[in-house]
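This briefing is for a reader who is new to the structure shown below. Please keep the sequence and the model in view while reading.

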Amino acid sequence: MPDEIAFLDLGLQIAREREAIGSAVDRVLASGVLMNGVELGELEGELAEWHGGSELEVAGVASGTAAIGILLRAAEIGVGDEVIVPAFTCPATWFAVADTGAKPVAVDVELESRLIDPDRISAAVTERTKAVLAVHLYGQCCRMDALRLVCDRHGLRLFVDGAQSIGTRSAGSRASALGDGAALSFYPTKNLGALDDAGAVLTSDGELAGRVRALREYGRDGSGRYRWRGTNARMGEIQAAVLRFRLEMLEGDNARREELAKRYLEGLSGVEEFGVMLPCKATAASVWHLFVISAPGREKLRERLKAEGIGTAVHYPVSYGDMECFGDAGRGDHVGARRLAAEVVSLPLHPRLTDGEVDRVCGVVCEQVRELSSV
């Protein structure tokens, strides 16, 4: 059998960065400051500059999920409120909303883009709706102009779950893809990953940013008063130090992901006639966190790829309407979400993947879908 192609090998990345990681860790240990030190402050400034927003403020937190929850709480969203979410996304999005006490209300997604459909949002708005939480899933950017129009029409805040999309653009700008505020994840598998959980909130609203910083620190403001009921959601200095040097490589890594995604699209051309749906080709803004196809007979395809030594994953196998723990919040047919949950397959995609490995994956996928169509 040919060499295995892992879905993702973080050990390989760490081995290649061992010296840089060691230097970052040594710098923190030598400072004797493990929390709320220089590294976090520098990272926040560098992230703001990298996103190109002159008024942008960044607050590092403990995880992407914490970033969503703190962002919503900072906007005074909680018990009795509703937040509109896509019916298909990482379940962490829904749980983060629910943890604030607010009710996540699902809206179906566009089948081609896999992103929330702006045209369906108005029908889900009630007097309790406070915000739309759009998700730039897989690194693809939502239709921000359309979302802004519908949010302005109903007087809603537009927030973004950007856990998978650092660097994506709207109207040519990274900052424009952030809405009124965005939550990022630096989970180790992300395009910009730490060595452990970490995240950040980005916003150009100074008052909102101040509350975020307080809420991550038990609700304590700059004067030392506990003005809000906050939580412990701080990012450690070691994670910040590692993220700082990895941020310097992010532009090149995202460019490599785009090259590989284009190679996938070329190598898989023709499979659509067999019922396979490829990622939306029109979205030049994608930073390609994942390369996800939608294939009837998903499990047979995954079994064939596994037999050939090729790793895959499913992001994600459930739609919001089928999550029993949310009761009737998932009301609606959500046809697109349910179809995606039943069919999506994530193929290997990371900067260390070779052109030859992508070609091999494409060959197996093409062969298998043709065989399945002839049965």
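The points below go through some helices, their packing, and a few single residues.

The structure is a predicted model.

**Helix 3**

- Helix 3 runs over residues 38–51, and at 1.5 Å a residue its 14 residues should span 20 Å. Its end C-alpha atoms are 20 Å apart, which agrees with that expectation.
- The buried residues in helix 3 are Glu39, Leu40, Leu43, Glu44, Leu47, Ala48, Trp50 and His51. These residues cover an arc of only 165 degrees around the axis, so they are on the same side of helix 3.
- Val38 and Glu49 are exposed, and they sit on the face of helix 3 that is turned away from the buried side.
- Two helices are among the elements against which the buried residues of helix 3 pack: helix 2 (18–31) and helix 8 (237–267). The buried residues of helix 3 also pack against strand 1 (57–61), strand 6 (181–185) and strand 7 (199–203).
- Gly52 follows helix 3 and has a positive phi, near 80 degrees.

**Helix 2 and helix 8**

- Helix 2 and helix 8, which both pack against the buried residues of helix 3, also pack against each other, at an angle of about 140 degrees. Their axes are 9 Å apart.
- Angles over 145 degrees count as roughly antiparallel, and those of 65 to 115 degrees as roughly perpendicular. Helix 2 and helix 8 are therefore oblique to each other.
- The crossing in which helix 2 passes helix 8 is right-handed.
- On the helix 2 side, the residues that meet helix 8 are Ala20, Ile21, Ala24, Val25, Arg27 and Val28. On the helix 8 side, the residues are Glu237, Ile238, Ala241, Val242, Arg244, Phe245 and Arg246.

**Helix 4 and helix 5**

- Helix 4 packs against helix 5 (residues 91–99) at an angle of about 40 degrees, and the two axes are 8 Å apart. That angle makes helix 4 oblique to helix 5.
- Helix 4 and helix 5 have a right-handed crossing.
- Helix 4 contributes Thr65, Ile68, Gly69, Leu72 and Arg73 to the contact, and helix 5 contributes Ala92, Thr93, Ala96, Val97 and Asp99.

**Helix 10**

- Helix 10 covers residues 335–343, and its buried residues are Gly336, Ala337, Leu340, Ala341 and Glu343.
- The buried residues of helix 10 pack against helix 9 (298–307), strand 8 (291–294) and strand 9 (344–347).

- Ser63 is located in the loop between strand 1 and helix 4 (64–74). Its relative accessibility is 14%, so Ser63 counts as buried.
- Leaving aside residues up to four places away in sequence, Ser63 touches Leu184, Asp197, Ala198 and Gly199.
- Ser63 and Ala200 are 137 residues apart in sequence, while their C-alpha atoms are 7.3 Å apart in space.
- Thr231 is in the loop between helix 7 (206–215) and helix 8. At 36% relative accessibility, Thr231 counts as partly exposed.
- Leaving aside residues up to four places away in sequence, Thr231 touches Ile70, Leu215, Arg216, Glu217, Tyr218 and Gly219.
- Thr231 and Gly162 are 69 residues apart in sequence and 22 Å apart in space, taken from C-alpha to C-alpha.

**Backbone details in loops**

- Glu76 is a residue other than glycine with a positive phi, near 60 degrees. Glu76 belongs to the loop between helix 4 and strand 2 (82–86), and because its relative accessibility is 63%, Glu76 counts as exposed.
- Arg114 is not a glycine, yet its phi is positive, at about 70 degrees. Arg114 belongs to the loop between strand 3 (103–107) and strand 4 (129–135), and because its relative accessibility is 1%, Arg114 counts as buried.
- The peptide bond that leads from His315 to Tyr316 is cis, and its omega is near 20 degrees. Tyr316 is in the loop between helix 9 and helix 10.

Notes
Residues numbered from 1 in each chain as written. Predicted model: local features only at pLDDT ≥ 70, side-chain atom pairs only at ≥ 80, totals over all residues. Heavy atoms only, no water. Helix = DSSP H or I, 4+ residues; strand = E, 2+ residues; numbered from the N terminus. Expected span 1.5 Å × (residues − 1). Buried < 20%, exposed > 50% of the residue type's maximum accessible area, 1.4 Å probe, protein only. Arc of directions from axis to C-beta. Contact = heavy atoms within 4.5 Å. Axes fitted to C-alpha atoms, helices over the stretch in contact; angles between N-to-C directions. Parallel < 35°, antiparallel > 145°, perpendicular 65-115°, else oblique. Left-handed = near helix turned anticlockwise from the far one by under 90°.
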